[in-house]
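Open the model in your viewer and keep the selection tool handy. We will go from stop to stop, and at each one you will hear what to select and what is there.

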Amino acid sequence: MTSKLQLSERDICTQFITPALVQAGWDIARQVREEVSFTDGRIFVKGNLSVRGKRKRADYILYYKPNIPVAVIEAKDNNHSVKAGIQQGLDYATILDIPTVFSSNGDAFQEHDRTASHGQIECEIPLNQFPTPEELWQRYKRYKGLETEEAERISAQDYFFDGSGRNPRYYQQIAINRTVEAIAKGQQRILLTMATGTGKTYTAFQIVHRLWKARAKKRILFLADRNALIDQTKRGDFRHFKDKMTVIRKKEIDKSYEIYLAIYQGITDYDEDKDAYRQFSPDFFDLIIIDECHRGSASEDSAWRAILDYFQNATHIGLTATPKETETISSSEYFGDPIYTYSLKQGIADGFLAPYKVVRVGLDVDLEGWRPETGKTDKSGQLVEDRLYNRKDYDKNLVIDERTQVVANKITEFLKKTDRFAKTIVFCVDIDHAERMRSALANANSDLVQQNAKYVMQITGDNDEGKRELDNFINPEERYPVIATTSKLMTTGVDAQTCKLIVLDSNIGSMTEFKQIIGWGTRINEAFGKRFFTILDFRNVTDLFADPDFDGEPVRVKEITQEEEFDDPASEEENDIPITDEEGEEITFDPPVTDDPTIIGGGEIISEPRAKYYVNGVNVAVLNERIQYLDGNGKLITGSLKGYTRQKVREQYQSLDDFLNRRNGSDKKQAIIDELTEQGIVLENLKEAIGKEMDLFDLICHTAFDQPPLTRAERANRVKKRDAFSQYGEQARAVIDALLDKYANEGIENIEDIKILKINPFNQIGTPTEIIRAFGGKQNYLNAVATLEQQIYQSA
């Protein structure tokens, strides 16, 4: 009989833990999930390629009903104590918002109960006394504060399933459950903060559907500020409401539906008496969802706020990726603190959002400034004001044709090195700049524009042809347009799954706008090869990544006084809500340019906007270019990649000998590379930064411990000179020589995979079976590879 000590962790699960659950009345098919991977594994960028890291995986998650998790179980083999898995389980339970954790080694269960229902937090219980589903449900209700039968009924309402097998991700599940539970307990104002690309609309749909099915909310209004967002919502998850749903168009109201989608411009009017929403009674809606709520409802004088005040008895749920907290506007003042926050940083760490690398390009006229020579006139003959112009002036007050051309050429150069059909958005200062940039890019890519004029298009508020192409731009199936130049129209992210390059040639000061722009690149689409994106920054806008506000918790800035008699208007930077028409399209205004001051109402003299000069004949060149990657904590590495690597390697390995012992003692060198990658040390990126061809381990020793490097070819030749494999036959020695050549060309990580025997030149030597037989069996072959690695890294 096999001893319990000899059983694997999986054996412990199968023979002891699962039977204990069955005995306690758990439905294995419906209430128990084993080996649950609840993240996708962070994506690490390696030059122009990428690789996924490890997923977080729980051994068991127990559910009272689908998507209502009540416990986590972490299993260990019997060589561990019964308590050994409790800390790992607690980490998972904290992430997953679950009140109870169990650890087991097959002898008993160690229970951690956040509600202390038996008077203590932790205790050991026998295998045959595992709690029933009803017991853990009662504990869950206590943890969530669901004290009434009505609150329990609403909170236990089923999720919507369409038969496709789609289930919410763990963070969506938390957002949905917390929102439904809060409403079940009577909360009227709720804020959900979820990064762009994390499925806010799907989350909203499940919230609405559960409340609607439970008849807790019978008439629901979904509000947005752009037609694109409403159309996307209607075609997407909300389509399941079918004939119960309508979109309010042109202020035409039909009160026979239950679910209404609208843009606020479509139900408001400059004349308050003509506001279409007033055709509904104030109590008509009992739930209002406000999408992208940072763009309007947080401001007390906004049009959205008037709608919310009219339907003040309804429950209001604000959805945003960027809650607005300034001295004049506060999302949390109206909605309260977020009931749940899922940040861009967390989304990237979990592998649900695409990471990014930043290429910062410094132009001489940007870094040094430009001053016109005496008497310099622009292209219209206008005398250019004599002063030093800098990055803040370009394309706003001063247009340098050559600068536009250099930026367009740099964008084109990048695409030629990577993928000329990678969806690209170029953010410009204004519509005029977007128009000129489109032309410059068309000239720089004339070969592809000749094939299809829509290769590059201007998509701005004033350009109907471009706006009509927005759907094609964001559709992964449509090849054209490839490059979109824009100013403000595309700062609100919609579902652009395949955008691989974001170009910043605009002075973006608003953190809210910056977050929305970055959101265009964060979606992943594996089927179309979109795993990460690149930010090409010409204006140092990515300095905003270092701002604590970028991915931290929003802190309320607005001071609340008992009597707010006077509110300063929001600054231009804060008030980034575009003026739109009733269809949600941006209205743009080009003020007249004049040198004359204007006298207004009370006799005050104000200056008109500064004249805009258009000049050419200026030498513009790229002074420097720098690539930045994310570190292990999801922060942009602002120092040198070499310095970051040196610091992190020395944190992990105290000395060169410590590192060499770990390297030489490792069965697979790839395991060390994977460990370093998880720390944010991607050796391919370091090699590119250093610009020298060498073995990856030599690269580490050279960077972290100042050792002279050897190239892979030099190491391979040393092994060949030693003739260390003379004991093998001719066929086996040919394989070893081929492995050495493969190492010299591609690196150590490639020769460790036995699948390499299927490809050239090994398939010319023999089949994998024949090759393994030449070494005397699989284990002997693996031993030979291990010996080969020892020879490669032998000192002398």
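This is a predicted model: local features need pLDDT of at least 70, side-chain atom pairs count only at pLDDT 80 or more; totals for chains, interfaces and linings use all residues.

**Stop one: a helix with an inner face**

Select helix H22 (residues 683-690), where the buried residues are Leu683, Asn685 and Leu686. Buried means under 20% relative accessible area, exposed over 50%, and partly exposed in between, with a 1.4 Å probe and protein chains only. Look down the axis of H22: its buried residues fall within an arc of 155°, so they line one face of the helix. The arc is taken from the directions that lead from the helix axis to the C-beta atoms.

Residues are numbered from 1 along each chain as its sequence is written, and side-chain values use heavy atoms, leaving out hydrogens and water. Helices (H or I, at least four residues) and strands (E, at least two) are DSSP runs, numbered from the N terminus.

**Stop two: aromatic rings**

Now select Phe38 and Tyr170, an edge-to-face pair with 5.7 Å centre to centre and 80° between the planes. Rings of Phe, Tyr and Trp (its six-membered ring) pair if their centres lie within 6.5 Å; planes under 30 degrees apart count as stacked, over 60 as edge-to-face and the rest as tilted. Phe38 sits in the loop between strand S1 (32-37) and strand S2 (43-46) and Tyr170 in helix H6 (residues 170-184), so the pair ties together parts that are 132 residues apart in sequence. Both Phe38 and Tyr170 are buried.

For a stacked pair, go to Trp137 and Tyr140: 5.5 Å centre to centre, 15° between the planes. Both belong to helix H4 (residues 133-144), 3 residues apart, about one turn of the helix. Trp137 and Tyr140 are buried.

**Stop three: a loop residue**

Leaving aside residues up to four places away in sequence, Asn67 touches Tyr159, Phe161, Asn167, Pro168, Gln173 and Asn177; contact means heavy atoms within 4.5 Å.

**Last stop: charges over rings**

Finish with Arg166, over the face of Tyr202 at 3.7 Å from the ring centre, and Arg479, over the face of Phe421 at 3.7 Å from the ring centre. A charge sits over a ring if NZ of Lys or CZ of Arg is within 6 Å of the ring centre and within 35 degrees of the ring normal.
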